[in-house]
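Please keep the sequence and the model in view while reading.

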Amino acid sequence: MLNRYPLWKNLLILLVIGIGAIYALPNIYPEDPAVQISGSRSSIVITERELNRAEQALQSAGIRVLQSSLENNTVLFRLADVEQQLAAREAIQQTLGDGFVVALNQAATTPEWLTNLGARSVNLGLDLRGGVHFLMEVDMDAALKQQLEVTASEVRATLRTERVRFRQVSVEDGQLQIRLASADQLPDARRLLQRNLSDYVFTEDADAGQLILSMSEQAIRDLEDYAVDQNLITLRNRVNELGVAEPLVQRSGRNRIVVELPGVQDTAAAKRVLGATANLEFRLEARRNADPLDTEDFTFRDQPGRNALLERDIITTGSNVANASLGFDENNRAQVDIRLNGQGGRLMSQATRHNVGRSMAVVFIEYKTRTRIERQDGERVEVREPYTEQGIISLATIQSELGSSFRITGVGSVQEASELALLLRAGALAAPIYFVEERTIGPSLGAKNIEQGIMSIQIGLALVVLFMLLWYRTFGVFACVALTTNLILLVALLSALGATLTLPGIAGIVLTLGMAVDANVLINARIKEEMYHRGMSPQNAIHAGYEKAFSTILDANITTLLVAVILFSIGTGPVKGFAVTLSLGLLTSMFTAIMVTRMQVNWVYGGRRIERLSL
C-alpha cells in the first residue's frame, strides 16, 4: 500500500528520536561553580577530617556551600556564586597547606540516571563556556643550574679520562668552579675543556688553583628560549594526554606560558599533571671508599628513615625516555616499563657494562612551590617559594648490562605509577615551572556575543518555521517537527561524540537549520508538480515526490559534506568547529527531512482516500 511504513520502520525512527532526546537532555541542566580538593600526590588519603576542616574554613570566610561530597579520594564543594570560587580556594589552601591541591571546577548537575546511561552535556569551547586559566612561569635560575650540573658531570668525566687531577667540581652562584690539585695544571685544563665548552667564559684564579666557568650572555638567552620552547612542547603533550578538547597553550612574554583548558572536569588532576616538574635521575651507589666530594646523600621517597649514598655523576635522566608505560611485576605490584632513546640507551649500556654487581638508584625529583599570603601595602598578596623534593624510589643490584629497555619498581600505587609513566611519556620539563595565577575564565568573546549567537539560532528557527507554516500549511507542520527533531539529534551527536562547540560551531548550526528545510522544499515542490501539472492522485504524488526528490537531495548534501570534510582536514580551531557542526547537521537533516517527515505524512495521509492535500 502506498505511503505506509511497516511497523518496524516506524518504531526504529521513534527509537532514534527517543535516544537522541535522552542524550540531548543533559544540556538543560546548568553546572555549579565548585572547588575541588585532592592530594598533591595520589598516595595522600583525604578523610572526613580534611572535609570538616575545609568546611569550617569556608564558614569562617562567609562562603555559602550548596553541597559537599567526598568520593574517590576527592572533595568537591558546590558553591552558590561563581564570584566566591577564588576566595574559597584561598581559604581552603591556607587551612590544609601544601599537601593538597585546591582547584577551581565546574560541577555537573545532570541527574544520576542520565549519567548512568552515558549521557553528558556538550563540551563548550573557551569562547562559550570559558574554563580554567593557568599562568605558569619557567624558573630560569633553575634551568641555568640544571645545565651547569650537566656540564659539571661532563667536566669530571673529561678530567678523569685525560688524567688531570682535581679536588672538586661544583656549581656555586651560577658558575662552575673547578678546583685543581695544582695551579700548574690550569693552562692544560683550560685548553682541554675549551674544545667542547665554547659557550662558556673561562676565568683563572691562580692563587686558589681554580678554574671558573660562566655561561656567555648569548648562551644564557639560547638556554632560556630552549627551556620555554621545550616546556611548551611538553605541556602540549601533557594536555593531549589529559584528553582536553580545544586547549590553548602559548608563550606569554619572556618566561611565562598560558594554559587554558575549556570545560575540564577534574581541574585538580589537570593542575597536578601540568605542574608536576618531575624527572628521574639514574645514578650508581657510591663505593665505600669514595671521596665525599663526589657523593651525595639521598633519602628513600617512601621510607624517610632510610638513606643511601650515591655518586654525583648522573648516568642519564628522564629526558632520554622514549616511552614509558604502566606494568605489573610477578607479585602484581605496579611498575613503570621504560624504553630509552638511542643516546640514553648508550649511556646506560656504558655505565652498567663495567659495574655489574653494583647497585643503581632511580632518583625521583619534583620541583614544587609553597604558597603563603602576605599583606603588602594593605593588600593580600600570594607569595610563592620554590623548593625541591627528591628521593630514591628504587635501589637495585645490576645483574647484567642494561640496554634501552628495563623496568622501575617501587613506584607506589597504580595511580602513582600511571601518572609517572604519563609524565615521562609526555616528556620531562626542561626547567621547573610554577603556577603564578589560576582562575576560571569567562567567555573570551563576552556574554553579549554568546547571547547573540543563541538568539540567532532562535530567530533563524522561528523565521523558518513561520515561512514553512504559511507557505506549506500541513506539510509545513511536518517540516517544523522534523526541524526541531534535527536540532535535538544534532545536539545529542555533539554530546555523545565529545565534540567541542564554539561560536563558529553555532554558526554551523544556524546554517544547518536554514539548509535542513531545503530537502522539504524540494519534496513539497515535487509533490505539487506531480499533482497539479501531471494530474497524479494525491497518494501517487506523495510517493513520487519523495522518490524523485531523493537523488537531488542526496547529491546536494554530499557536495556540501565534501566541503565540510575539507574544512575539517585543513582548518584549525574555529574552522574545525564550524566544519564539525555542519557535517553532523547535514547527516541529521537527511534523516529528519526524509524519514521523519515521511513518517508523519504516512500517519496523516497514508492508507486514506483523499481528494486534495493541504500544501
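Asn332 counts as exposed because its relative accessibility is 60%; exposed means over 50% relative accessible area, buried under 20%, and partly exposed in between, computed with a 1.4 Å probe on protein chains only. The residue sits in the loop that joins strand E17 (321-328) to strand E18 (334-340). Although Asn332 is not a glycine, its phi is positive, at about 65°. Helices (H or I, at least four residues) and strands (E, at least two) are DSSP runs, numbered from the N terminus.

Arg163 belongs to the loop between helix H5 (140-161) and strand E7 (166-172). Its phi is near 55°, a positive value in a residue other than glycine. With a relative accessible area of 76%, Arg163 is exposed.

## Basis of the model

This is a predicted model, in which local features need pLDDT of at least 70 and side-chain atom pairs count only at pLDDT 80 or more, while totals for chains, interfaces and linings use all residues. Residues are numbered from 1 along each chain as its sequence is written, and side-chain values use heavy atoms, with hydrogens and water left out.

## The chain as a whole

The protein chain contains 14 helices and 23 strands. Of its 615 residues, 46% are buried. Among contacts in the protein chain with a separation of 6 or more, 73% are between residues 24 or more positions apart; contact means heavy atoms within 4.5 Å.

Where does Asn255 lie, and is it buried or exposed? Asn255 is in the loop between strand E11 (248-252) and strand E12 (256-262), and at 14% relative accessibility it counts as buried. Not counting residues up to four places away in sequence, Asn255 touches Met136, Glu137, Val138, Met140 and Val228.

Ile392, in strand E20 (residues 379-397), is buried at 2% relative accessibility. Its C-alpha atom is separated by 9.6 Å from that of Arg306, 86 residues apart along the chain. Apart from neighbours within four places in sequence, the contacts of Ile392 are Phe298, Thr299, Phe300, Arg301, Ala308, Leu310, Ala361, Val362 and Val363. Leu494 is placed in helix H11 (residues 447-497) and is buried, at 3% relative accessibility. Leaving aside neighbours within four places in sequence, Leu494 is in contact with residues including Val122, Ile509, Val580 and Leu584.

## The faces of helix H1

Helix H1 (residues 7-24) has 18 residues, which at 1.5 Å a residue should span 26 Å, and its end C-alpha atoms are 26 Å apart, in agreement. The expected span is 1.5 Å times one less than the number of residues in the helix.

Which residues of H1 are buried? They are Asn10, Ile13, Gly20 and Ala24. Viewed down the axis of H1, these buried residues fall within an arc of 95°, so they line one face of the helix; the arc is that of the directions from the helix axis to the C-beta atoms. The face turned away from this buried side carries the exposed residues Leu7, Trp8 and Leu11.

## Two pairs of packed helices

Two packed helices are described by the angle between their axes and the distance between the axes. Axes are lines fitted to C-alpha atoms, for helices over the stretch in contact, and angles run from 0 to 180 degrees between N-to-C directions. Helix H2 (residues 48-60) and helix H3 (residues 85-96) have axes that come within 9 Å and cross at roughly 130°. H2 and H3 are therefore oblique to each other: angles under 35 degrees count as roughly parallel, over 145 as roughly antiparallel, 65 to 115 as roughly perpendicular and the rest as oblique. H2 contributes Glu50, Arg53, Ala54, Ala57 and Leu58 to the contact, and H3 contributes Ala88, Ala91, Ile92, Thr95 and Leu96.

Helix H12 (residues 503-533) and helix H14 (residues 574-605) pack with their axes 8 Å apart, at an angle of about 25°. That angle makes H12 roughly parallel to H14. Among the residues making this contact are Gly505, Gly508, Ile509 and Ala516 of H12, and Gly577, Thr581, Gly585 and Ser589 of H14.
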